[in-house]
Amino acid sequence: MQAYKYTHPLLISIILVLVGNSTRLPAQEIQSTCIECHGLLEDEMKAPVDSFANDVHNRPGLGCVGCHGGDNTSDDMLESMSEAKGFIGTPGALAIPELCSKCHADPSYMKTFNPGLPTDQYSKYLTSVHGQKNEEGDTMVAHCSSCHSAHGIRPARNPLSSVYDKNISATCASCHNDSSYMAPYDIPTDQVEDYRKSVHGAALLEDDDLGAPACNDCHGNHGAIPPDAESIDKVCGLCHNNNMVDFEKSTHADYFSVLESPACETCHSNHLIEAPGTEMLSGEEPVCGQCHFEDDGTGALEAAKLMASRIDSLENAIAEAEGRLEEADQKGLFVNNGLFVLKDARQRAFKARTAVHTFQADSVVNMTAAGFEQVAEARNIARELLDNYVFRRKGLAISVVVLLILAVAIWVKVKRIESRQKH
Amino acid sequence: MNDAGSRSKLYRFFDERLKLESLREFAAHKVVPSHRHSAVYYTGGITLFLFIIQVCSGILLLMYYKGSAETAFESVRYIMSEVQFGWLMRDIHSWSANLMILFAFLHMFSVYFTKAYRFPRELTWLSGIILLVLSMGFGFSGYLLPWNELAFFATKVGTDMVGAVPLIGEPLLKLLRGSEDVTGATLSRFFGIHVAILPGLFMIFISIHLILVQRLGISEPESWRNLPPERKKYTPFFPNFILKDLAVWLVILAGVAALSVFFPWELGTKADPFAPAPQGIKPEWYFLFMYQTLKFIPSHVVGIEGEVFGIMAFAVGAILWTFVPFLDNDRNRDRVSRFFNFAGIVIVIYILVFTVLGHYLE
């Protein structure tokens, strides 16, 4: 959280009077005296002017006075920044949410600028941990400008915005990654680092997959709350719907509920979610082993190994068939039919991975069985194509020999005719 | 037919109805000049043979091809994967099409450099030029028919060039595409052009071309002008030359078959009009020299838009080329003729260099 440390208002007033006197402009030429004067200052007094040039609020009728009050048409600093003109100076952390809500919570007003923009940010904010603590008088928690910045606010879809998908983790990290700043709150500060190493973070930050979740996709943005044990599956299920449906039907759903274990997080962790693989089921330290053990009477570890083995076998078989089709493709044969069948098999393997969340080995076995049939079909297609390749070569060789023999025979015939004609 | 009696009976039957005797007389006296450049006489026959392959393989493809945006790609895929020897027919059709245009060019330049277009063969040259244009039309319209991504965007680029023609470009573009853009309507139109309009026109002009060749005989080389008759050697057209032609055709057929097996034509992915154009879209190789030239021309030349200037220059060049028999005729030989030889060499080098550049440059 960045605190704003302004110089004493009296000092600013003196500077502005001095500068203002020397650069006073005729009233009709002045667009905004705030910009005119602050633009002539330096460092943090000038910074808002520079940032505001790209701010979404930089448009006629809004501008500085929209938030700070005052009169931006008066070139007399004492008048333009007078309380009589409504000047409020720099709004404090506790006042900012309400200040922004004056416009952003007013649908009829916001409609005139951006009819598509929601107007429930403030009411959601009040339900968030940030909002509740702000209400309680905590000036350290995030408020509007903590995330959106104060004078360089850009729409969330703008890649330069502090709340653009790819920038959000850095924005959250500016507080949540700072252990000294977060010390009073007694919560971990490694979430963002973990997230960046996770399959989600890698997809969004390294592969530029804007569909991958950032912090706000799970925690919400204005109504940010940490998902608890009951809601975590709802959050994950927003994207991983089939996994969630399978899980909810499974016996684990009830047990996890009783044990107050979070549904997805128990096996996949939360911020450091790695790409799931069959090693989670049958590796040296399977996640099932957190609760189950050999001969515990449930057969869970055996079932997990069976599921992993079927999925691995199917994926290996797909890769092998793919290699055969690739070989045929390199020989110039038409392999699309085989690839179509393999696409279905890959879909089966994908569904089998999803079916793991039923925790029923039979579901995975049935799903992979259909996949194995498709792989066998693809392998047959590949074999037929490769046989056909040999057939084509042989056919070509025979045809060429026949054609060339005919051509030579004709040439010999012509030579005989020519020799007869000479005589 | 071993029995001489029955042969003569059968021959008499047809002779009485078709007057075969006069044809036999004509064939018996038809000769082909025999000299060290006689090989060029085969280029026309090879082009004709490749056209015959096109007609035969095209008819077979037509039995399974479905010419609409929804079915074209799938039907070609079906031909390649399910139809017995369908892959062979498609590959032969594609290879033979390209070779046909290659040999048409070779034939044209061999005629050009041997001055075979001169009196009295000006009309043979003109009909040949029309046949070359029709062949390129066949290639351009046929390229779109599989309705794959490359064909779709290459057709878009190609028809855009038509749109740049001054005055008539815009209506011509709409006429060609059947709509503002390349769509299913364009495919239907190109299909119709490829299998009905062009074959009809081609048959008319190839008939004219062959009749003229038979009527006027095979052109003799310029160097024979002052040779005494006893030093001129001739080969009888029937059966010597026609049998040699047949032998060459068989070798060409073996070559087309080998190309089809070792270098099959890919089908690629189905055309998606809403997808962005893939990188490196280029027209077929025989349009590359024009395409590359247009790319090199600056955006504006003498106040005219570069592309328009280029197309106008090509149009002027094509008109001059078409009427070259009337510019380089018997009356103004020697010096002028040397200029035409030089111009021909420059044009060949230009086409080769720009085709290679078009192939390798991005």
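This is a predicted model: local features need pLDDT of at least 70, side-chain atom pairs count only at pLDDT 80 or more; totals for chains, interfaces and linings use all residues.
Begin by selecting Ile46(B), Leu50(B), Phe202(B), Ile252(B) and Val256(B), which are the residues with the most contacts inside the largest nonpolar core, a group of 40 residues. If you then colour helix H23 (361–422) of chain A together with H3, H5, H6, H9 and H10 of chain B, you will see the helices that each supply at least two residues of this core, with H10(B) giving the largest share, 11 residues.

Stay with Leu50(B) for a moment and show its surroundings: leaving aside neighbours within four places in sequence, Leu50(B) is in contact with Ser96(B), Leu99(B), Met100(B), Phe103(B), Ile252(B) and Val256(B). Apart from this core lies another, of 24 residues, and among them are Phe109(B), Tyr112(B), Ile351(B) and Phe354(B).

Next, select Phe105(B), Phe109(B), Tyr112(B), Phe113(B), Tyr117(B), Trp125(B) and Trp321(B), which together form one aromatic cluster. Within this selection, look at Tyr112(B) and Tyr117(B), both of which are buried; their ring centres are 5.7 Å apart and their planes meet at 45 degrees, so the pair is tilted.

From Tyr117(B), move to Glu122(B), which is in contact with Tyr117(B), Pro325(B) and Phe326(B) when neighbours within four places in sequence are left aside. Glu122(B) belongs to helix H6 of chain B, and Glu122(B) counts as buried because its relative accessible area is 14%, under the 20% cut-off.

Finally, select Arg392(A) and Trp87(B), where the charged end of the arginine sits over the tryptophan ring, 3.4 Å from its centre.

Conventions. Residues are numbered from 1 along each chain as its sequence is written. Chains are lettered from A and ligands numbered from 1 in the order in which they are written. Side-chain values use heavy atoms; hydrogens and water are left out. A nonpolar core is a set of buried Ala, Val, Leu, Ile, Met, Phe, Trp, Tyr and Cys residues joined through side-chain atoms within 4.5 Å. Buried means under 20% relative accessible area, exposed over 50%, partly exposed in between (1.4 Å probe, protein chains only). Helices (H or I, at least four residues) and strands (E, at least two) are DSSP runs, numbered from the N terminus. Contact means heavy atoms within 4.5 Å. Rings of Phe, Tyr and Trp (its six-membered ring) pair if their centres lie within 6.5 Å; planes under 30 degrees apart count as stacked, over 60 as edge-to-face and the rest as tilted. A charge sits over a ring if NZ of Lys or CZ of Arg is within 6 Å of the ring centre and within 35 degrees of the ring normal.
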